[in-house]
Amino acid sequence: MKRSVSDFLIAIGIFVAAFLIAALTDLNERWLAWSQTQGLAGAEELPVALSFFSLALGWYAWRRWQDATSSHQQLSETVQQLQVEVEERRLAEEHAHVLSATKNEILENEYLRSEKLEQVRVMSDLLASASTLAELKAITVDSLQHIVPDHTVSVMFANPEFNLWKNAGSWGPHSDQVHQEMRLNDCWVLQNSKIYKDLSNTQTMSCPQANMTTIKSVACFPIICRERAFGVLHIRSDKLTENLLSTEDEKMVIAVCNSIGLHFYNAQLRAELSMASNRDELTGLLNRRGLGNTLKREIKASELQGYEVTVAMIDIDHFKQYNDTYGHQEGDKALKFVAEYLSRQIRSRDVLARYGGEEFILILPNTSKIEAYKKLKKMIAVIEELSGKSDTCMRVITLSVGIATAPGDSTEEEPLVKYADMALYAAKKHGRNCVVGYKKPSPKRTNTRQI
Ligand SMILES: Nc1nc2c(ncn2[C@@H]2O[C@H](COP(=O)(O)OP(=O)(O)OP(=O)(O)O)[C@@H](O)[C@H]2O)c(=O)[nH]1
């Protein structure tokens, strides 16, 4: 009900109540009787006059009260409006803050993302210029540290036999818990060449990397190419999170892993090809090409470390006759026999290569001429004995050896090989089956002598 209506009803009620009280108490009659007894002329009109006066007063009061009420109402409406405006302004400011924070976050993310993309570009260039698997691994680990800097991350790479994956690098808060080795059976990702994500701590996998005590969320990415699993990238977090990586970052990591896989595949192909072209097919030893700059490097190392390096040229005696007598196939067997024996006798840091035909070259770092002489003398004696007993050889095989030593004879690769070859020639002249050391010629003497 409206306020004016209720006020009107209240006024009617008061009027009726006043009327009833006046009627019940015979107020008018009493007044008339009293005024007549008192002799007050015209006093009988007083109730009517008072009634009009009361009505006028009531009407005036009512108007004043209405005015006051309406201005109060206006004031409260204005206050209400102001409150609404203040609230709207506060909400707008809050919204503006949120927008500005979001904008800053987006800008920051964009900046980080562009930095990561630049890192990916740099990584691609570096990977393309890497020549060995070791270089590829180092570049991969270094680059991934910038591309996936958060969380606990480890990169594992396969050994040459592809039966063991070793940690090549790890970083992040729990990198000390990272397992250093893994077999194929330990890793679902390697077995299936698929991405594995566990962001709800279900840890259904029996993966040693995922079962680190502090780890709650896991994402693993295979580094594969043509079904060869070269490695795996493990990303771990100690928080339960659906956003271990953002969608954009995940796409980037997948692309990066695929790119790394491709580079590994290419590098391995190159290594296999180079292995094939650097090895002698018959004996499995390095060929002259495979020998490359080995002697040069060894001479340099001997200079730096102050020791001698000896080069030996080893040649099978009368091998043409052997071939002519027993056939080329038997000749091949004899060549293999010699190569295998020599390989078994040398130290791991010595280098043996088939230099051509029935000639071998042996590089002996940190070995003087006299030490090399003694060693080779023993070896040719043993091969003479063994070949005589062996079913592989059709007859006794003897070797002639010429040796030259750096830095005494020369500090250059080519002259050193030439001097060893000259010493070998001298050994042949001396009747074969012997070792001859090169000696610098004096003006009056011959240029080689047997030690
Ligand atoms: N079976 C076989 N023979 C080879 C191979 N490479 C080179 N030869 C042979 O090795 C022989 C080398 O003969 P020569 O250079 O005359 O030397 P030699 O008969 O050993 O005589 P000296 O070195 O003076 O003792 C040749 O008959 C070549 O055909 C090979 O891969 N297999």
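Where is Glu-227 found? Glu-227 sits in the loop between β5 (217–225) and β6 (228–237). Keep in mind that what you're looking at is a predicted model. Phi of Glu-227 is near 65°, which is a positive value in a residue other than glycine.

Asn-366 isn't a glycine either, yet its phi is positive, at about 50°. You'll find Asn-366 in the loop between β9 (359–365) and α11 (369–389).

While we're on backbone geometry, have a look at Pro-407. The peptide bond that joins Ala-406 and Pro-407 is cis, with omega about 10°. Pro-407 belongs to the loop between β10 (399–406) and α12 (413–429).

Now zoom out to the whole chain. The protein has 12 helices and 12 strands. Of its 451 residues, 28% are buried. If you take the contacts between residues at least 6 apart in sequence, 58% of them join residues at least 24 apart. On confidence, the mean pLDDT of the protein is 88, and 94% of its residues reach 70 or more. The model's scores are ipTM 0.98 and pTM 0.52.

Next, the helices. Two packed helices are described by the angle between their axes and the distance between those axes. Start with α3 (residues 46–129) and α4 (residues 133–147), which pack at an angle of about 175° with their axes 9 Å apart. That angle makes α3 roughly antiparallel to α4, because anything over 145 degrees falls in that class. On the α3 side, the contact is made by Lys-116, Gln-119, Val-120, Met-123, Leu-126 and Leu-127. Helix α4 brings Leu-136, Ile-139, Ser-143, His-146 and Ile-147 to the contact. Sorted by class, the contact of α3 with α4 has seven nonpolar residues, three polar and one charged.

The pair α9 and α10 looks like this: their axes come within 6 Å and cross at roughly 135°. That makes α9 oblique to α10. Which residues make the contact? From α9 they are Phe-319, Tyr-322, Asn-323 and Tyr-326, and from α10 they are His-328, Glu-330, Gly-331 and Ala-334. These residues divide into four nonpolar, three polar and one charged.

How many residues surround the ligand? There are 17, and the closest are Asp-317, Phe-319, Lys-320, Gly-331 and Gly-357. The elements that give two or more residues to this shell are β7 (309–316), α9 (319–326) and α10 (328–345). Phe-319 and Gly-331 turn up here among the closest residues to the ligand, and both also take part in the contact of α9 with α10. What classes make up the shell around the ligand? It has seven charged residues, six polar and four nonpolar.

How values were computed. Residues are numbered from 1 along each chain as its sequence is written. This is a predicted model: local features need pLDDT of at least 70, side-chain atom pairs count only at pLDDT 80 or more; totals for chains, interfaces and linings use all residues. A residue is near a molecule or strand if its C-beta atom, placed from the backbone, lies within 6 Å of it. Helices (H or I, at least four residues) and strands (E, at least two) are DSSP runs, numbered from the N terminus. Ala, Val, Leu, Ile, Met, Phe, Trp, Tyr, Cys and Pro count as nonpolar, Asp, Glu, Lys and Arg as charged, and the others, Gly among them, as polar. Axes are lines fitted to C-alpha atoms, for helices over the stretch in contact, and angles run from 0 to 180 degrees between N-to-C directions. Angles under 35 degrees count as roughly parallel, over 145 as roughly antiparallel, 65 to 115 as roughly perpendicular and the rest as oblique. Two residues are in contact if their C-beta atoms, placed from the backbone, lie within 7 Å. pLDDT is the predictor's confidence in each residue, from 0 to 100. A residue is buried if 20 or more other C-beta atoms lie within 10 Å of its own, exposed if 12 or fewer, and partly exposed in between; C-beta atoms are placed from the backbone.
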